[in-house]
Amino acid sequence: MNCHFRIFQLIKNLRKKMGREESITIETVQKNEHNEEKSTLKTNMQKNVEIKAKDSILKNLFNTIVMMIIGFLFGFILEKSKVYEPKFIRQQMIFNKFLMMKMFFSALATSSLSIFILNLIAKERYNKVFESYRSMLKSKSLLIVCAGGLILGLGMTIGGSCPGMVFVQLGAGVNYSYLTLVGGLMAGLFHGLLNSYLTGSSKPDAITSKTLFELIKVNAIIVRILFIVLLAAGVALMEIFVPWKKDYSFRDNTRPFFSVTSEVWQPIIGGCCLGSLQFFSLLLLSKSLGSSSSFTTAVSLIFPFKILEKFPYLKKFRFGLNNYLSLLFVLSVFGGSMASSFLGGVFNKAQSVHPYNAVLGGFLLVFGARLAGGCNTGHGISGTSHLFIGSIVAMMSMFASGILLGFFVLTNDFFD
């Protein structure tokens with residue numbers, strides 16, 4: 001009996017032990033499986049992070065290369081069209097020369113056409129840029145935009161330049177253009193330090209960020225087509241009544257008409273080439289053309305970060321790829337202009353303004369551009385191509401003040 005009982009107990013204990021071992025084995029297997037799942041998930045997450053980081057690096061590299069190419073072409077085209085020369089900017093303001101206006105109208109028409117086409121083939125991408133530009137204008141009052149445009153126009157006539165044109169003049173070796181740059185950097189600093197006061201002095205206007213077609217309540221396609229047609233007609237009439245060769249005195253008649261070694265390009269062709277850059281900038285970079293923000297980015301780099309904490313406007317221009325790309329853009333403009341001027345044999349041959357005018361003009365045109373939120377390229381071409389009321393008002397203000405000042409001080413000493 002005792003023997004049977006012991007055998008029974010032995011079997012019972014053995015079964016318990018086997019059960020525990022089986023339970024431990026199952027738990028161990030489950031734990032291992034869970035650890036494997038966690039390890040796999042962690043590995044997959046790391047791979048995703050690495051892929052995203054790699055994609056981000058490639059995207060940033062792509063954007064950098066594209067911006068450099070667009071900037072180089074921008075400078076090359078402006079130099080070839082000769083609208084960077086101070087005398088042509090000044091004489092346009094008194095309607096003695098029409099090279100600048102022909103190129104501007106052509107560039108604006110082509111930029112508008114680029115936007116029209118982009119609206120058809122990549123509407124979502126265009127809308128992203130459009131709304132980004134609108135959000136910038138929403139913080140502006142029409143009075144501030146108009147005031148900025150008026151100040152910029154005065155700077156154009158006094159300094160014979162524009163914010164983006166400064167870098168073209170530097171590349172082409174225009175005397176005292178470095179003083180225009182100094183004046184512009186001083187303006188960028190002055191505006192950056194006073195921005196909170198300047199923006200707080202007036203309330204934003206809803207009309208500033210509205211478009212022309214929203215204001216007059218007409219279909220956007222119809223308005224864009226009419227706008228392009230009117231610009232094209234204006235260019236045609238200017239060329240008919242004032243042929244471009246009468247506006248420009250060739251330094252060397254032996255050079256080809258339209259090549260990289262040409263002394264000058266026909267301004268309408270140059271304008272169309274310049275305006276077409278808008279298409280590639282919008283399509284590839286989701287960014288409108290503009291250059292005046294580079295002055296603010298440049299001055300933000302000279303301050304220690306602790307000081308920038310007191311000036312939030314300057315601080316936001318200190319970091320970020322877009323800010324650095326704006327600097328890279330104007331440096332590429334400089335390079336493109338220099339290449340064009342050497343290839344065309346006209347480096348350091350353009351007439352310059354007086355040193356005092358260079359500094360004062362540089363200060364006014366950059367301060368006006370930053371106050372208005374854009375320059376001749378930003379508001380004049382990009383914003384006006386989008387048909388924003390604020391940009392149209394800024395563009396009209398630029399030319400209005402420049403023309404009025406031009407006629408007011410019309411003397412042989414002032415206009416060479």
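Mentor: The questions below take up helix contacts, then pockets, then cavities. The model is predicted, so local features need pLDDT of at least 70, side-chain atom pairs count only at pLDDT 80 or more, and totals for chains, interfaces and linings use all residues. Residues are numbered from 1 along each chain as its sequence is written, and side-chain values use heavy atoms, with hydrogens and water left out.

Trainee: How are helix H3 and helix H17 oriented to each other?
Mentor: Helices are DSSP runs (H or I, at least four residues), numbered from the N terminus. The axes of H3 (residues 99–121) and H17 (residues 376–385) come within 8 Å and cross at roughly 45 degrees; axes are lines fitted to C-alpha atoms over the stretch in contact, and angles run from 0 to 180 degrees between N-to-C directions. Under 35 degrees counts as roughly parallel, over 145 as roughly antiparallel, 65 to 115 as roughly perpendicular, and the rest as oblique. That angle therefore makes H3 to H17 oblique.

Trainee: Which residues of H17 does H3 meet?
Mentor: Contact means heavy atoms within 4.5 Å. From H3 come Phe104, Ala107, Leu108, Ser111, Ser112 and Ile115. Their partners in H17 are Asn376, Gly380, Ile381, Thr384 and Ser385.

Trainee: How do the residues of that contact divide by class?
Mentor: Ala, Val, Leu, Ile, Met, Phe, Trp, Tyr, Cys and Pro count as nonpolar, Asp, Glu, Lys and Arg as charged, and the others, Gly among them, as polar. The contact of H3 with H17 has 5 nonpolar, 6 polar and no charged residues.

Trainee: How are H3 and H9 oriented to each other?
Mentor: Their axes come within 9 Å. The crossing angle is roughly 155 degrees. H3 and H9 are therefore roughly antiparallel.

Trainee: How many charged residues are in the contact of H3 with H9?
Mentor: Phe105, Leu113 and Phe116 are among the H3 residues in this contact, and Ile228 and Leu231 among those of H9. The contact has 14 nonpolar and 4 polar residues. The charged ones number 3.

Trainee: Which residues lie nearest the centre of the largest pocket?
Mentor: A pocket is an open set of points on a 1 Å grid over the protein atoms alone, with protein on both sides within 12 Å along at least five of seven lines, and its lining residues have an atom within 4 Å of a point. The largest pocket has a volume of about 1300 Å³, where volume is the space filled by probe spheres set on points joined across faces, edges and corners. Its lining has 15 nonpolar, 19 polar and 7 charged residues. Of the 41 lining residues, those nearest the centre are Ser132, Met136, Lys287, Ser293 and Asn322.

Trainee: Which helix gives the largest share of the lining of the second largest pocket?
Mentor: About 200 Å³ of space lies in this pocket. H3, H4 (123–138) and H9 (220–241) each supply at least two lining residues. The largest share, 5 residues, comes from H4.

Trainee: Which helix gives the most to the lining of the largest cavity?
Mentor: A cavity is a set of grid points where a 1.4 Å probe fits but cannot get out. The largest cavity holds about 230 Å³ of space; Leu78, Phe104, Met165, Asn376 and Ile381 are the closest to its centre of the 17 residues that line it. H1, H3 and H17 each supply at least two of the lining residues. The most, 4 residues, come from H3.
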